[in-house]
Amino acid sequence: MISLGFISAGSIQAGGAGGFDPLLPGLILLLPLLGFALNGALALVSGRRSADRVRNSIPEEDHTAGSVPLTHSLPTWIGPGVLLGAFVLTAINFVRLLGVELTEPVIRSYWSWMPTGTLSVDAAIQLDQLSMIMMMVITGVGFLIHVFSVGYMKEDPGYPRYFAYLNLFVFFMLVLVAGANFPVMFVGWEGVGLCSYLLIGFWFQDREKADAGKKAFIVNRVGDFGLLMAMFLLFATFGTLDYGAIFAAAPDTLLYGGGIVTAITLFLLLGAVGKSAQIPLYVWLPDAMAGPTPVSALIHAATMVTAGVYLVARASVLFALAPVSAAAVATIGALTALFAATIALKQYDIKKVLAYSTVSQLGFMFMGVGVGAYAAGVFHLMTHAFFKALLFLGAGAVIHSMHHALHSTHKDWDAQDMRNMGGLRRFMPITWITMWAATLAIAGIWPFAGFFSKDEIIWYVGTAGAFSGLYVVLWGIALAAAVLTAFYMTRMMIMTFHGPNRTGEPESRHLHEAPLNMTIPLGILAVLSVFGGWINVPGSVRESFFGGFGVLPMSDWLDRWLAPVTQSADAVRASQLGAYADVAPVGGGHVVWGAIATVMALVVVIVTARYFLSQPIQPAHEDGEPDRGIGKVLYNKWYVDELYDAIIVRPLIGVSRWCWRVIDRVLIDGTVNAVGSVSKGVGWFGSLFQTGQVNTYAFILALSALAVLGAFIF
Amino acid sequence: MELDFTSSADYLWAFLPEIVLSVSAMVVLLVGVFTEDRDPPAAGDPSPLGWVALVGILLAGLANGWLHGVETTGASSMVAMDGFRLFSNWLFLAGAGLTILLSFPYLSRQRLQIGEFYSLLMLATVGMMVMGGTRNLLLLFLAIETMSIAAYVLTAMNRRDRKSAEAGLKYFLLGAFSSAFLLYGIALVWGGTGSANLPEIAAAIQAGAAFSPLLIAGMALLAIGFAFKVAAVPFHMWTPDVYEGAPTPTTAFMAAAVKAASFVAFVRVFMEAFPALYESWYPVIWWLAALTMVIPNLIALSQSNVKRMLAYSSVAHGGYLLVALAAANETAMAGLLFYLLVYTVMNIGALAVVMIVSGHSEERMQVEDYGGFGWSQPLLATIFTIFLLSLAGFPGTGGFMAKIYLLQGAVESSLWTLAITLAVVTVISYYYYLRVAWYMWMRPAPVEGAHTRVWAPLPMRMGLVGSAAVIIYLGIFPSGLMEGARVAVGGFGRAVGGVLLGLGP
């Protein structure tokens, strides 16, 4: 990615005009779908065989030893293989696009999907700078996670089913970002929701995990309602649902800050909030950790949950026209960033920490796209995909190892509780090092990737303070959330990898580093987490001594790359609001605040590390839950689940019970059953004549013949 | 080639498919005599005779294909050379071929006389082809009897089974009864118009030269005879007993091909000879259609025997087809041909699966016996589900499009009541079709491992997969066949003078 950035800098400056002719763009989408079909077929075969085994009570085969059946060896190649193919194709197209100055998206229309009257929707995909960079992230990170999954899931009996779902997810995610109109995007939107549900509940025999899948699905329906409403309003206003037509017409058709555009964007925001797990709909994402850990990395960190950010960036011109909605986006993002970070402070489950961290980081992205820094939001989306995928995969490696260790002596400890870990760096050095790289990146320490993207968002929020005092407050919140991020991530690293080992002596002998097919993806993602931020080093930082990036041939590459996508939104903002102040609300330039932020983060990391290293940590069963003060509140996640349960879930269940008892059972069932009984009664009466006696039949025949004759003659 | 109907030798060419099939039937019979007793096939093995019979069907098909390109001069009083005949020939040959393909394991399992079975089946098909292809009422009667007598024997074929013999006798007695109506009707029509030739009858009526009391009475008796043959309520009483008692391949053949032939002849006689009397015959057809749609569907709801349920379902489908005759316009006629083809394929396919499930002693016919079938035989159960959905008229299947065309035809003739009735009873029929699917997929097997060993050799499986593919294909791309049917009816329409088509009450 970095090297590609270098190539582009020259060519864009050279201003190479000319057409961009994408190479087989449809195949990028079709390959994962093909993988789904093949793996799905294998999953059916394997499922049927294991059902036979259960029926005849033959124990599950142990795939670690001896021969591996084809249903388990083929997905190993098909699953990651199709992703590699898709990634290579995407990369080829990406490189081609680099050499072209593309102002209008390239649209490939495959067939007319809904040619009904006034509404005409094509099954079309759109290739432009935004969709290409999203596809690069999805196929690239997706491929690494597929490879990691081979090692992580190979002992699971549902292995082919797992890859079938994962391939299907990638297909729908590509449809989501490549769709050229809202309905196609919506197909992807719903499809990834479906795959998310299937994969969260992948181990559906476990009631709790199946319930987590349902929770994710149901909470997302609230958001989907918003998205559908937005689509209806868009169609009513523009008479089309194509991106190109809507976004081109929007600045002239819609009144700046008018009611319609505000309603449309608020509904879009509701959809984005659901999918991207923001307040108040974030509750499903922490529970979604019930799925296999690579799934959390791919769906619930790197790709699907960023769909909301993508949606706002895609519809940027609409949000630019609706300042109230844009402010709502930024406010929700800031509140979520801080709120989720506080919960992460007191979690003990390693995946829960990462889940709340993801919610918090998504809040940062929302802040970015909310204040009009669309490129910054997408930039953080990209770097976050690198380091959060790495953190999740690393956590997966840790859980994998812990699980083996605890399993070896049949200890019933929680393999995900950090209090049971400690000192793992001796056993898993590669995981340890790579996860530290990701931690420094997410903490925002220069020169790691996260520093540049997070710093850019915070900077833009601060400079937006010139427009409204609201953004000054949000800027303060963002800084606080960044500090908390450094704290909880360091706490997680120390509890997991440092200090004495707490697994117990016989167990610790079974702790081991992950195999190569798991550590290589970790390594690649670590490289990206370190250097990935360099594609968008701000000009001022690059030129400063502190930046030290004078050697880089370009600055603000991503900003310029996405400029064709966001230019109309930028134009609206510039004409309505004027330019951003290039100064923080309390004074000081970009470089100064960058330095302050990184020093602050560094200090927090060091202080936190020293604190937790000096603190004795007890294994989970000796420790118990925090029972007083703010610690208890944070441990219980501010009691939001309980609150929702009391004010939404229970009343709803009450109402639906009533509906079921009265409306459904008495009114509807009664009517339907009555119709059924009457029909059956008539049928029974009719069959009475069916005596089986030929003379009866002949008699009825003769009578009927007389009737027909009579009918003809009279 | 050009056929000249002034020379009687050319009549032989015009009947080439029928002649080829008759000769093949005799070959099968002869080969059967010399091979069967000496070398009975092991139970479950497909008999080589089946392949011989299939080759005969194929040759007849080739002859029929050749007829498509033939030009004619001169008027023929006996044989029609129109698209309607050729299309319906395809229908009967497909029905016969599918029945043969799907009956391979059944015949040897039940130890039936394979040679006789196949040759009778082919001779019945010859009768059907003449029924669809003749313009003369006397020849029509002979053709109906050729088909019927073969069908009586096919029904009673399983001599070891009391039910089969009983069904054969019932069918024979009531069939003879109805033949009498037909023959008497022909005599009266001849008395009224002075001709047994359909175009001449039409011309006589048109010219006002007919003696109407005799003609009307004759037409009524013909309607009664045909109503019996197509099993229209209230002339359907024989159907459930006969369909249930007959060997299952015979049931499939009768419910599909025999019914289709009766419909084709019914339509040809009434559309070609009595178009001018539409106003007087359509109310009777209207009532027959309404009764035939409603009553069997209601009775089928309370059936627990799947074979009997399918028998009532087949009667109900006859009701849908009568709607087309009542509408009598071009869309309805083309829809009728389309429906007959889809119906032949899906009904034979469904009964073939019933044949498989019922097992060696043919005991497993209850709907409970289908429990767990889906999960132990996913391929067969999926195919059966497709047939059931198509029979019910589920969107995406050929059965759906067929019903749509019939509805369109009814609406074009403003038969709103019939159209609404058709739609409503279709919804009712979902219950009894989907109940079987529900048992297959959602209920446990009645006995552990009930369906682990089923008797379905490769040719049969291929036939089933092919049939299901056709059903799905016609559900998604129906327009090709529908256009073909329209062209076929167009030829037929010209033969009746084009006055009738599009006419509505």
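How many residues does the contact take from chain B and from chain A? It takes 35 residues from chain B and 25 residues from chain A. The model is predicted. About 2400 Å² is buried between the two chains, and carbon and sulfur atoms give 79% of that area. Over all chains, the structure holds 21 salt bridges. Across the interface of chain B and chain A there are zero.

**The interface between chain B and chain A**

- The buried area is about 2400 Å², with 79% from carbon and sulfur atoms.
- Helices H8 (162–193), H10 (212–229), H11 (238–245), H13 (278–301), H14 and H16 (373–376) of chain B each supply at least two residues of the side that touches chain A.
- H10(B) gives the most to that side, with eight residues.
- By class, the side of chain B that touches chain A has 26 nonpolar, four polar and five charged residues.
- No salt bridge is found across this interface.
- One residue pair is in polar contact between chain B and chain A, with both residues at pLDDT 80 or more.

**A salt-bridge network in chain B**

- Lys163(B), Glu166(B), Lys170(B), Asp241(B), Glu244(B) and Arg308(B) are linked in a network of salt bridges.
- Lys163(B) and Glu244(B) meet through their side chains, at 3.3 Å from N to O.
- That pair links distant parts of the chain: Lys163(B) is in helix H8 and Glu244(B) is in helix H11, 81 residues apart.
- Glu244(B) also forms a salt bridge with Arg308(B), at 2.6 Å from N to O.
- Glu244(B) lies in H11 and Arg308(B) in H14 of chain B, so this second pair ties together parts that are 64 residues apart in sequence.
- Why does Glu244(B) count as buried? Its relative accessible area is 16%, and the cut-off for buried is under 20%.
- Arg308(B) is buried too, because its relative accessible area is 13%.
- Lys163(B), with a relative accessible area of 44%, is partly exposed.

**A salt bridge within one helix of chain A**

- Lys214(A) forms a salt bridge with Asp211(A), and the closest N and O atoms are 3.6 Å apart.
- Both residues sit in helix H7 (residues 207–238) of chain A.
- They are three residues apart, so about one helical turn separates them.
- An α-helix has 3.6 residues a turn, so residues three or four places apart point the same way.
- Lys214(A) is partly exposed, at 41% relative accessible area.
- Asp211(A) is also partly exposed, at 32%.

**Helix H8 of chain B**

- The 32 residues of H8(B) should span 46 Å at 1.5 Å a residue.
- The end C-alpha atoms of H8(B) are 46 Å apart, which agrees.
- Asp161(B) caps the N-terminal end of H8(B).
- A side-chain oxygen of Asp161(B) lies 3.1 Å from the backbone nitrogen of Lys163(B).

**Helix H24 of chain A**

- H24(A) covers residues 590–614.
- Its 25 residues should span 36 Å, and its end C-alpha atoms are 36 Å apart, which agrees.
- Buried residues in H24(A) include His590(A), Trp593(A), Gly594(A), Ala597(A), Thr598(A) and Ala601(A).
- Also buried in H24(A) are Val604(A), Val605(A), Thr608(A), Ala609(A) and Phe612(A).

- His317(B) lies in helix H14 (residues 306–327) of chain B.
- Is His317(B) buried or exposed? His317(B) is buried, with a relative accessible area of 1%.
- The side chain of His317(B) makes a polar contact with the side chain of Tyr339(B), at 2.7 Å.
- Not counting residues up to four places away in sequence, His317(B) touches Tyr339(B), Tyr343(B), Met346(B), Leu391(B), Lys403(B) and Tyr433(B).
- Asp645(A) lies in helix H27 (residues 640–688) of chain A.
- Asp645(A) counts as partly exposed because its relative accessibility is 26%.
- Asp645(A) touches Arg650(A) and Pro651(A), again not counting residues up to four places away in sequence.

How values were computed. Residues numbered from 1 in each chain as written. Chains lettered and ligands numbered in written order. Predicted model: local features only at pLDDT ≥ 70, side-chain atom pairs only at ≥ 80, totals over all residues. Heavy atoms only, no water. Helix = DSSP H or I, 4+ residues; strand = E, 2+ residues; numbered from the N terminus. Buried < 20%, exposed > 50% of the residue type's maximum accessible area, 1.4 Å probe, protein only. Contact = heavy atoms within 4.5 Å. Polar contact = N/O pair within 3.5 Å; in protein donor to acceptor, adjacent residues only side chain to side chain. Buried area = accessible area lost by both parts, 1.4 Å probe. Salt bridge = Lys/Arg side-chain N within 4 Å of Asp/Glu carboxyl O. Nonpolar A, V, L, I, M, F, W, Y, C, P; charged D, E, K, R; others polar. Expected span 1.5 Å × (residues − 1).
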